[in-house]
Amino acid sequence: MSQSTVPKGRAPVGAGDVPPTPVLRRRGSAGLGRRATPYAFLSPTLVLIAVLMAAPVVLVVGYSFFDRVITARQSQFVGLDNYLQVLTDPVFTRALENTGFFVGASVLAHFALGLAFALLLNSPLLAGRVRALFRLVYILPWLFTTAITAVLWRMLLNPNGVVNYGLGALGAVDGQVEWLSDPRLALPTVTFINIWSGYPFFMVSLLAGLQGIPKDLYEAARVDGASAWQQFRSVTLPQLRPIIISMALLDVIWTSQQFALIWMTTGGGPVDATEMLSTYTYKLPFADFDFAVASASAVVVLALSLVLAVLYVRHQKARD
Amino acid sequence: MAVLDRAATGAAAPAPQRRPGATRRRQERSHRILVLGGLLVGACFAGLPVLWMLSSSFKANSEIFQSPPRLVTEGFSLAAYTSIFSDPTKLRFFVNSYVVAIAVTLLTLLVSLLAAYAFSRYEFPFKRSLNVVVISVQAVPPITLLIPYFGLVVGLGLYNTYPGLVLTYLVFTLPYAIIMMTGYLNTLPRELDEAVKMDGAGPLTTLWRILVPISVPGMVSVGVYTFMLAWNEYLFALTLTRTTDMRTVPIGIQLLMGQHSYEWNEMMAMSVLGAIPVLLLFAFFQRFFMGGMTAGAVKI
């Protein structure tokens with residue numbers, strides 16, 4: 001890992017930014033004890049990581065090369081068979097496509113809504129109290145646990161529900177739309193629910209970013225005769241760029257792991273219309289009791305996540 | 001609407017012999033109306049579903065899908081809430097959630113404080129590598145861990161118990177807690193603990209007597225965020241518990257969906273009650289909350 005440098009005048013925010021500490025070696029006699037001290041402080045963490053992370057990852061990779069793991073006493077080494085089975089399963093391909101759509105659309109919409117709301121909230125024309133009130137309302141969707149979001153939208157989107165009534169009154173839809181059980185509508189609908197529940201995270205970070213942009217940059221742009229749109233293009237967006245990229249990568253990682261929302265709204269259905277990598281990997285062991293193939297699928301998901309994480313860490317290093 | 005109309009006509013009306021500042025002021029006013037209009041549309045998008053949840057929790061179940069829909073109905077009552085409070089099975093969901101979330105929060109604070117102290121105040125071999133290990137733990141998706149956890153938790157005899165949940169939750173609360181606490185300790189001047197060490201105090205005494213008391217804001221940030229993550233957790237709670245009396249609130253809400261018919265009003269009441277702890281934490285610790293949220297996001 002390359003050494004990252006701490007920008008001057010900013011408090012370090014991450015463990016990765018620890019400034020060099022003078023080695024504490026005041027009394028020579030306590031040499032070994034001193035050297036062991038930090039490891040003693042770290043030991044609970046290290047034990048937990050070994051048990052909860054290292055061992056499970058080794059186990060799941062191991063499982064993925066055997067058949068009938070966990071459910072049977074005897075299991076045989078089958079090489080890459082489980083992987084072949086996963087990668088040639090048309091449902092897996094469908095899950096991959098669905099996850100791609102779900103993640104792509106969610107992240108783009110989170111960004112667009114988050115930015116729009118952050119710009120509105122940041123308007124200098126607002127009184128402080130009005131701003132605080134609106135900000136509270138805008139953050140609300142993010143404060144509900146996914147289970148609550150799921151049942152709430154199942155009620156709102158019920159064929160007899162208030163969404164159909166409202167859209168019907170506007171003449172936008174005709175009759176009782178089956179938002180979550182129509183195979184053509186289910187995927188866009190769960191994506192919409194995810195957009196509703198996730199944009200505040202973007203918004204809060206972008207709002208903090210907007211407030212950190214030096215005012216004199218706008219002054220300079222105005223002196224040069226830049227319009228509001230030109231100021232946005234040439235000052236606001238470039239200044240927010242690092243935050244936007246970090247947030248987008250994080251959002252891709254989190255959204256691709258979304259399970260509870262899908263599981264509680266459609267369960268991956270109707271048929272495979274909303275099957276995601278997470279629900280696919282969950283069903284194999286806990287509905288079909290195939291832990292071996294599920295392990296192969298879990299390892300594929302892990303590999304994809306690691307690629308994203310490496311991208312994220314690279315971007316963070318470049319920022320420092 | 002009236003305000004908008006007036007603004008529109010006002011802007012369009014010819015204004016002879018206007019003072020130089022007047023156009024500017026007029027422009028500013030129409031701009032403000034645009035901003036407020038945008039904010040109101042957004043607030044409806046964000047807030048109306050939540051308002052409908054609250055309103056539905058006071059309805060009779062038969063009125064949930066009445067047409068035309070109404071915010072306050074004839075059947076307005078606290079029946080859904082009293083039914084939850086008088087049912088030990090449903091109350092148990094809340095007890096379970098509180099027990100697990102509080103235990104996870106306390107353990108996370110303890111373990112992360114110790115680790116953060118080492119990262120912040122010591123230089124030692126493999127420090128960077130260990131740091132990278134802690135950070136990379138966050139990149140592993142929960143669904144990947146689920147299969148081995150199932151075997152592990154059953155093997156340790158922790159299936160369907162509180163310790164099984166608490167232990168597994170630590171895997172996703174610890175990494176960012178350590179990162180946040182280290183960041184916080186780094187902002188505290190080293191001279192403080194150096195002075196105490198000169199007096200011959202051990203590292204634990206230094207941590208406990210000097211750093212802990214002044215780290216309270218950092219610990220509140222970490223604690224609030226941890227509690228929320230644990231309170232909201234779904235996947236492990238679904239898989240690592242089995243009996244109804246061990247289920248947490250998120251699973252309990254789902255269980256209401258399965259039984260006999262859908263008791264929508266009770267599900268909404270349960271959602272309101274389930275959201276209250278997080279809403280209260282947010283209301284009281286908003287500043288810490290945002291700090292935690294963005295700090296967690298800045299670095300994995």
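Two residues are in contact if their C-beta atoms, placed from the backbone, lie within 7 Å. Keep that in mind as we look at this predicted model, where local features need pLDDT of at least 70, side-chain atom pairs count only at pLDDT 80 or more, and totals for chains, interfaces and linings use all residues. Residues are numbered from 1 along each chain as its sequence is written, while chains are lettered from A and ligands numbered from 1 in the order in which they are written.

**Chain B on its own**

Chain B has 14 helices and zero strands. (Helices are DSSP runs of H or I with at least four residues, strands are runs of E with at least two, and both are numbered from the N terminus.) Of the 300 residues in chain B, 46% are buried, meaning that 20 or more other C-beta atoms lie within 10 Å of the residue's own, with C-beta atoms placed from the backbone. Now take the contacts in chain B between residues at least 6 apart in sequence: 77% of these join residues at least 24 apart.

**Two helix pairs**

Two packed helices are described by the angle between their axes and the distance between the axes. Here, axes are lines fitted to C-alpha atoms, for helices over the stretch in contact, and angles run from 0 to 180 degrees between N-to-C directions.

| Helix pair | Angle | Axis distance |
|---|---|---|
| α12(A), residues 291-319, and α6(B), residues 142-155 | about 150° | 8 Å |
| α10(B), residues 216-232, and α13(B), residues 264-284 | about 165° | 10 Å |

Start with the pair that links the chains: its angle makes α12(A) roughly antiparallel to α6(B), the word used for angles over 145 degrees. The crossing of α12(A) and α6(B) is left-handed, so the near helix is turned anticlockwise from the far one by less than a right angle. F291(A), A294(A), S295(A), A298(A), V301(A) and L302(A) of α12(A) touch I143(B), T144(B) and I147(B) of α6(B). Seven of these residues are nonpolar, two are polar and none is charged. (Ala, Val, Leu, Ile, Met, Phe, Trp, Tyr, Cys and Pro count as nonpolar, Asp, Glu, Lys and Arg as charged, and the others, Gly among them, as polar.)

Inside chain B, α10(B) and α13(B) are roughly antiparallel to each other, and their crossing is left-handed. V224(B), F227(B), M228(B) and W231(B) of α10(B) meet P277(B), V278(B) and L281(B) of α13(B). That contact has seven nonpolar residues, no polar and no charged.

**Where the chains meet**

The contact takes 80 residues from chain A and 88 from chain B. On the chain A side, helix α1 (residues 31-63) gives the most, with 17 residues. By class, that side has 60 nonpolar, 19 polar and one charged residues.

Terms used: A residue is buried if 20 or more other C-beta atoms lie within 10 Å of its own, exposed if 12 or fewer, and partly exposed in between; C-beta atoms are placed from the backbone. Angles under 35 degrees count as roughly parallel, over 145 as roughly antiparallel, 65 to 115 as roughly perpendicular and the rest as oblique.
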